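Open the structure in your viewer and keep the selection panel at hand. The stops below follow one contact surface from the whole down to its parts.

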Amino acid sequence: MNNVISNICCIGAGYVGGPTMAVIADRCPHIEVNVVDINKDRINLWNSSKLENLPIYEPGLDKIIKRRRNKNLFFSTDIEKQIAKADMIFISVNTPTKTKGIGAGKASNLKWIEASARQVSLFAKGHTIVVEKSTLPVRTAEVIKEILKSKEHSLKNKEESTTFEILSNPEFLSEGSAINDLENPDRVLIGGESHQAMDALSKVYKNWVPEEKILKTNIWSSELAKLTANAFLAQRVSSINSIGALCEATGADVREVAKAIGFDSRIGSKFLDAGPGFGGSCFKKDILNLVYLSEYFGLPEVASFWNSVVTLNTWHQHRISKLITKKLFGTLSGKKIVILGFAFKSNTNDTRESAAIQICKNLIEEGAYLLIHDPQVGYKQIEQDLNLRPFNKNKNKNYSEKNNEGYWEPIDTVETNFNSADAVLILTEWEEYKKINWKNVSKVMRKPSWLFDARSIIDPNKVRNTGLNFWRIGDGI
Ligand code: UDX
Ligand code: UDX
């Protein structure tokens with residue numbers, strides 16, 4: 001069996017599949033990489049001649065696409081043909097939390113994984129290595145294996161022989177720094193049963209990743225390690241946010257506490273930034289998955305331990321909106337609040353599970369009028385997330401300051417939109433917000449005016465003597 005890979009197909013051209021395959025194509029010019037997706041619009045955007053139209057904003061991605069697209073990196077909806085040509089297939093489709101049925105609200109919905117496995121089983125030819133790239137519940141490989149085995153059996157005794165190997169190769173890329181994470185990974189994890197298949201994938205990565213960083217484990221450890229890594233990271237965010245609340249109550253400063261504990265090499269200094277609560281497509285979903293697995297295997301204490309990480313995160317988001325309401329005299333009716341940032345973190349246009357969604361919904365519910373800015377998130381996405389159409393004063397003949405309660409409006413520029421605002425709330429740590437001149441802003445706001453910094457990106461010295469009331473996360477001083 002030949003373990004040299006020359007043709008890779010990836011099912012799923014999303015936040016994970018797109019950047020991962022772009023970097024593989026870039027680092028392995030001898031491999032043809034085909035990214036396929038059922039979503040034609042998304043594929044058209046990947047093929048767009050204007051690089052600013054790529055469906056994903058990720059620093060450095062456009063340069064790689066420019067270098068490799070239509071050379072050894074191709075995007076298409078031609079799923080059948082590309083599966084048939086490939087000797088390695090990555091499955092990188094989404095696995096959202098189930099909304100109904102058994103495990104609703106916790107377990108992952110594996111319908112797209114199953115659909116992809118069925119497509120592979122139908123169209124693959126020869127020996128094919130199937131790689132789970134999506135984050136999956138432990139033992140999902142078994143499901144994929146069973147679907148693929150049925151094809152092997154059905155072909156028995158026929159001339160054409162199709163065989164499969166399954167690997168788990170979870171992604172650890174963080175949005176906003178995905179290209180760097182892929183080019184310089186802390187580790188690459190490969191779980192599998194067949195050494196030959198693991199070596200084949202390992203050879204692909206060895207084109208740019210040092211061998212000592214490529215870890216090989218059994219397939220279940222690999223699947224569980226991915227869920228555990230995200231659970232530990234999310235747990236750190238909930239831990240520091242819980243301490244931030246305590247800091248505000250006691251007069252401590254969460255930045256000082258984080259620095260002091262981060263110097264302990266056993267704890268480490270990363271991932272200790274208090275914020276508005278973690279978002280992103282993975283943390284909540286993966287923890288809920290872990291909770292579901294623990295319950296399923298009769299470990300309710302383990303389930304409740306991990307569930308508390310999510311509970312704390314939700315509580316924390318509500319805590320911030322309540323705090324704002326309280327500071328603005330207990331009512332937000334018709335008050336104008338400028339929201340800076342809607343993405344779940346900076347350097348991405350992704351809003352999935354963004355803390356901004358819950359916090360903005362709460363403020364709107366209290367009657368506030370929100371002016372929402374984000375340099376990368378379009379208003380249609382915000383509309384979808386808030387499930388509320390924007391209030392357009394230019395088009396609405398009945399517009400008056402009085403009937404905008406509980407609405408929102410998108411804004412393109414920050415500088416000109418603070419007029420008569422009661423408060424500004426920073427929810428995403430975009431660089432451009434660090435450069436705002438608060439003295440000028442304060443002059444045009446309605447008094448008493450507030451600046452709420454839920455990301456801790458503003459230097460308090462730059463707000464002092466500007467006439468603004470200032471609150472920042474975890475600051476009890
Ligand atoms: C991520 C990760 O892959 C995964 O680890 C995590 O569990 C959740 O989501 P991501 O790339 O962020 O996936 O998801 P998304 O941007 O939604 O992309 C998935 C793509 O798969 C979509 O473009 C969708 O159209 C495509 N898809 C889905 C298929 O091509 N075929 C299917 O059957 C289903
Ligand atoms: C995460 C994991 O980091 C990555 O390894 C995995 O493969 C996918 O999930 P991602 O969701 O892209 O990546 O972003 P991440 O940087 O982990 O941030 C997640 C959330 O936590 C963001 O909302 C971020 O703002 C928040 N966060 C992170 C904090 O509030 N404080 C921190 O110190 C770090």
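Start at the boundary. Domain 1 and domain 2 bury about 2,700 Å² between them, and 56% of that lies on carbon and sulfur atoms. Buried area is the accessible area (1.4 Å probe) that two parts lose on being put together, summed over both.

This is a predicted model: local features need pLDDT of at least 70, side-chain atom pairs count only at pLDDT 80 or more, and totals for chains, interfaces and linings use all residues. Residues are numbered from 1 along each chain as its sequence is written, and side-chain values use heavy atoms, with hydrogens and water left out.

Select 7-217 for domain 1, then 218-477 for domain 2. The bounds come from an automatic or database domain assignment. The contact (heavy atoms within 4.5 Å) takes 39 residues from domain 1 and 29 residues from domain 2. The domain centres, taken over C-alpha atoms, are 32 Å apart.

Next, select Lys 106 and Glu 295. Their side chains form a salt bridge, 3.3 Å from N to O. The rule finds 3 salt bridges across the interface of domain 1 and domain 2. It asks for a side-chain nitrogen of Lys or Arg within 4 Å of a carboxyl oxygen of Asp or Glu.

Now color the side of domain 1 that touches domain 2. Helix H6 (140-155), strand E6 (163-168) and strand E7 (188-192) each give two or more residues to that side. Helices (H or I, at least four residues) and strands (E, at least two) are DSSP runs, numbered from the N terminus. Finish on E7, which gives the largest share, 4 residues.

Methods: Chains are lettered from A and ligands numbered from 1 in the order in which they are written.
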